[in-house]
Amino acid sequence: MIAIITGASSGIGAEFSRRLDSYGLDSIWLIARRTDRLEELASSLKTPTRIFSVDLTDRAGLDSFISIIQTERPEIGYLVNCAGFGKFGLTWELPQDITRSMIDLNVTALVSMTSACIPYIRDGGHIIELDSLSAYIAMYDLNVYASTKAFVRHFCSGLRYELKDRHISVTEVSPGWVRTDFIQIAMTEHDAPAKVFKSTVSKEDVVEKALRAADRGRARSICGFKNRCISILATHFPKFASRMWRAYFD
């Protein structure tokens, strides 16, 4: 039985790899663009690993990896989709290549990887999709990213019903701001108010809570009391939550 982890070269993806290293798996497949980071991570794990240097925004690269899955037909215990990125910027001001890449990675690659792996996930296995607290809120200056994550949330909800008879759990992980390099990437060439990032959680806490939720068959994992309160507020009072977010930029 194996685990497949996308976005494994850093941050939350790398932390999932370290935690799953103690699960007694036959192999962990690590997927990301940066080969050197993957090699460094693989050398620190006890579980046998396979490294796939793939840019998941490139359809040819994505299809090439999917063909490996279909040829080798591995028994998958955990599929963890962590690959993704966001950029601050008003919708019409973001460069089109950035917008397309966000959608390609956060939506297209996630759906393609999940769909390709499901036939080989063991009954009772686990799918973990990295979502975002932004999935609950219409967001000023982060609209495209938040919209891709709203898609992921909706996708997970439907997928649970489709996989119910196979007892495969689908857990969406919706942290708020996490102390990783995601924030620096999101702010490249476009600053956001510092108070936006005042409250953060650690990747270790996010992953620990997410794996516990997945192993218990839970639908969602939101790390941190404040973030759970925000998700409840945004669910029941979406316009108010969006106005609160907009106020950060005033």
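How much space lies in the largest cavity? About 30 Å³. This is a predicted model, in which local features need pLDDT of at least 70, side-chain atom pairs count only at pLDDT 80 or more, and totals for chains, interfaces and linings use all residues. Residues are numbered from 1 along each chain as its sequence is written, and side-chain values use heavy atoms, with hydrogens and water left out.

**Overall build**

- The chain has nine helices and nine strands. These are DSSP runs numbered from the N terminus: helices are H or I with at least four residues, strands are E with at least two.
- Of the 250 residues, 52% are buried. Buried means under 20% relative accessible area, exposed means over 50%, and partly exposed lies in between (1.4 Å probe, protein chains only).
- The accessible surface of the chain is about 11900 Å², and carbon and sulfur atoms hold 52% of that. The areas come from the Shrake-Rupley method with a 1.4 Å probe; for residues, only the protein chains shown count as cover.
- Take the contacts between residues at least 6 apart in sequence: 69% of them join residues at least 24 apart. A contact means heavy atoms within 4.5 Å.

- Ile 31 sits in strand β2 (residues 27–32).
- Ile 31 counts as buried because its relative accessibility is 0%.
- Beyond its neighbours within four places in sequence, Ile 31 contacts a set of residues including Ile 4, Leu 38, Phe 52, Val 54, Phe 65 and Met 113.
- Val 54 is 23 residues from Ile 31 in sequence, yet their C-alpha atoms are 6.4 Å apart.

**Aromatic pairs**

- The count is five aromatic pairs. Rings of Phe, Tyr and Trp (its six-membered ring) pair if their centres lie within 6.5 Å; planes under 30 degrees apart are stacked, over 60 edge-to-face, and the rest tilted.
- One of them is Tyr 23 with Tyr 78, edge-to-face at 5.6 Å centre to centre and 85 degrees between the planes.
- That pair links distant parts of the chain, 55 residues apart: Tyr 23 is in the loop between α1 (11–20) and β2, and Tyr 78 is in strand β4 (residues 76–81).
- Tyr 23 is partly exposed at 31% relative accessibility. Tyr 78 is buried at 7%.
- Phe 52 and Phe 65 also pair edge-to-face, at 4.9 Å centre to centre and 80 degrees between the planes.
- Phe 52 is in strand β3 (residues 49–53) and Phe 65 in helix α3 (residues 59–72), so this pair ties together parts 13 residues apart in sequence.
- Phe 52 is buried at 9% relative accessibility. Phe 65 is buried at 1%.
- Ring pairs join Trp 29, Phe 52 and Phe 65 into a cluster.
- Arg 50 lies over the face of Trp 29, 4.6 Å from the ring centre. The rule for such a charge is NZ of Lys or CZ of Arg within 6 Å of the ring centre and within 35 degrees of the ring normal.

**The cavity**

- There is one cavity of 30 Å³ or more. On a 1 Å grid over the protein atoms alone, a cavity is a set of points where a 1.4 Å probe fits but cannot get out; lining residues have an atom within 4 Å of a point.
- Residues lining the largest cavity include Thr 6, Leu 56, Asn 81 and Met 113.
- Helix α4 (residues 96–117) gives the largest share of that lining, with four residues.

**Ser 242**

- Ser 242 lies in helix α9 (residues 238–247) and is buried, at 17% relative accessible area.

Definitions and conventions
1 Å grid on protein atoms, 1.4 Å probe; cavity = no way out; pocket = protein on both sides within 12 Å on 5 of 7 lines; lining within 4 Å. Points joined across faces, edges and corners; volume = space filled by probe spheres on them.
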